[in-house]
Amino acid sequence: TEILAALLVATALPLAAQDAALRVGDQVEIRLGGVPAEDVSTVSGIYTVDGEGAINLAHIGKVRAAGLTQSQLQSSIEGAYKSQQIYTNPAITVAVPTSARFVDVGGDVRAPQPTA
């Protein structure tokens with residue numbers, strides 16, 4: 001049963017990571033599309049959620065990230081670019097690199113080790 005539980009946790013982690021709320025210190029990869037090619041590189045990149053729970057993006061400044069899921073952050077960034085009339089139809093993609101997040105599993109463990 002230990003092995004079955006470990007397999008269930010391991011297979012659920014990638015899916016759950018997308019739904020997990022972002023935390024201070026998490027890294028997120030943001031890609032911008034639907035804008036002029038010269039603007040893509042000004043926003044696209046890897047950002048770290050700062051101690052205030054925000055990321056700092058070109059043209060719009062700080063955007064709250066901590067406590068949001070990837071899809072919520074994506075919507076928030078798109079909305080900020082639209083409402084400030086920076087871009088009319090931005091397409092933001094937010095991803096959390098799998099190596100950037102560790103999950104602790106409690107209980108009886110035969111060989112404790114970090115998992116990604």
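Tutor: Contact here means heavy atoms within 4.5 Å. Keep in mind that the model is predicted.

Student: Which residues does V40 touch, leaving out those up to four places away in sequence?

Tutor: L32 and V35. V40 itself lies in helix α2, residues 37-43.

Student: Why is V40 called partly exposed?

Tutor: Its relative accessible area is 26%. Buried means under 20%, and exposed means over 50%. The value for V40 falls between those cut-offs, so V40 is partly exposed.

Student: What separates the C-alpha atoms of V40 and P90?

Tutor: A distance of 10.0 Å, although the two residues are 50 apart along the chain.

Student: Now the sheet. What is the strand order?

Tutor: β2-β1-β5, in an open sheet of three strands with antiparallel pairing.

Student: What makes β2 and β5 edge strands?

Tutor: Each has a single partner strand, so one side of each is left without a neighbour in the sheet. β2 covers 45-48 and β5 covers 91-95. From one strand to the next, the twist averages 30 degrees.

Student: How do you know that β1 and β5 pair?

Tutor: Count the bridges. Pairing requires at least two bridges found by DSSP. Strand β1, residues 27-33, has five with β5, so the two strands pair, in the antiparallel sense. As one example, G33 has A91 in β5 as its bridge partner.

Student: Which helix packs on the sheet, and which strands does it touch?

Tutor: Helix α3, residues 70-83, touches β1 and β5. The direction of α3 makes about 150 degrees with that of β5.

How values were computed: Residues numbered from 1 in each chain as written. Predicted model: local features only at pLDDT ≥ 70, side-chain atom pairs only at ≥ 80, totals over all residues. Heavy atoms only, no water. Helix = DSSP H or I, 4+ residues; strand = E, 2+ residues; numbered from the N terminus. Axes fitted to C-alpha atoms, helices over the stretch in contact; angles between N-to-C directions. Buried < 20%, exposed > 50% of the residue type's maximum accessible area, 1.4 Å probe, protein only.
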